[in-house]
Amino acid sequence: MNKTLKVKCPQCSIEFNYYSSEFRPFCSDRCQKIDLGHWFQESYVVPLKENVVDTETQENGNETDGGDEHNESDYN
Ligand SMILES: [Zn+2]
């Protein structure tokens with residue numbers, strides 16, 4: 001007996017038979033690859049942000065003297 005379960009593809013929202021797809025929970029290999037692409041993009045963004053923070057803290061250490069004077073005159 002063949003089972004039938006109608007589900008919606010999380011990528012393109014097309015209804016298909018869950019048990020007839022080799023790429024479930026996606027309807028096709030195309031939708032599966034699109035979802036994988038999103039994961040790869042997110043994993044690239046995180047290490048890039050950490051590198052930017054590192055260089056900023058190094059630059060701030062050189063100019064602490066000038067920045068403090070401006071802040072005090074604003075509060076008074
Ligand atoms: Zn799909």
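Mentor: Start with the order of elements. This is a predicted model. Read from the N terminus, the protein chain runs β-β-α-α. That gives two helices and two strands.

Trainee: Why is Ser 13 called exposed?

Mentor: Count its neighbours. Ser 13 has 9 other C-beta atoms within 10 Å. The label exposed needs 12 or fewer. Therefore Ser 13 is exposed.

Trainee: Where is Ser 13, and what is its phi?

Mentor: Ser 13 sits in the loop between strand 1 (6–8) and strand 2. Its phi is positive, about 65°, although Ser 13 is not a glycine. Most residues other than glycine have a negative phi.

Trainee: What makes Ile 34 partly exposed?

Mentor: Ile 34 has 13 C-beta neighbours inside 10 Å. Ile 34 belongs to helix 1.

Trainee: How far is Ile 34 from Gln 11, in sequence and in space?

Mentor: They are 23 residues apart in sequence. From C-alpha to C-alpha, the distance is 7.7 Å.

Trainee: What percentage of the protein chain is buried?

Mentor: Buried residues make up 5% of the 76 residues. Each of those has 20 or more other C-beta atoms within 10 Å.

Trainee: Which peptide bond is cis?

Mentor: The one joining Arg 24 and Pro 25, with omega about 10°. Most peptide bonds are trans. Pro 25 lies in the loop between strand 2 (15–17) and helix 1 (29–62).

How values were computed. Residues are numbered from 1 along each chain as its sequence is written. This is a predicted model: local features need pLDDT of at least 70, side-chain atom pairs count only at pLDDT 80 or more; totals for chains, interfaces and linings use all residues. Helices (H or I, at least four residues) and strands (E, at least two) are DSSP runs, numbered from the N terminus.
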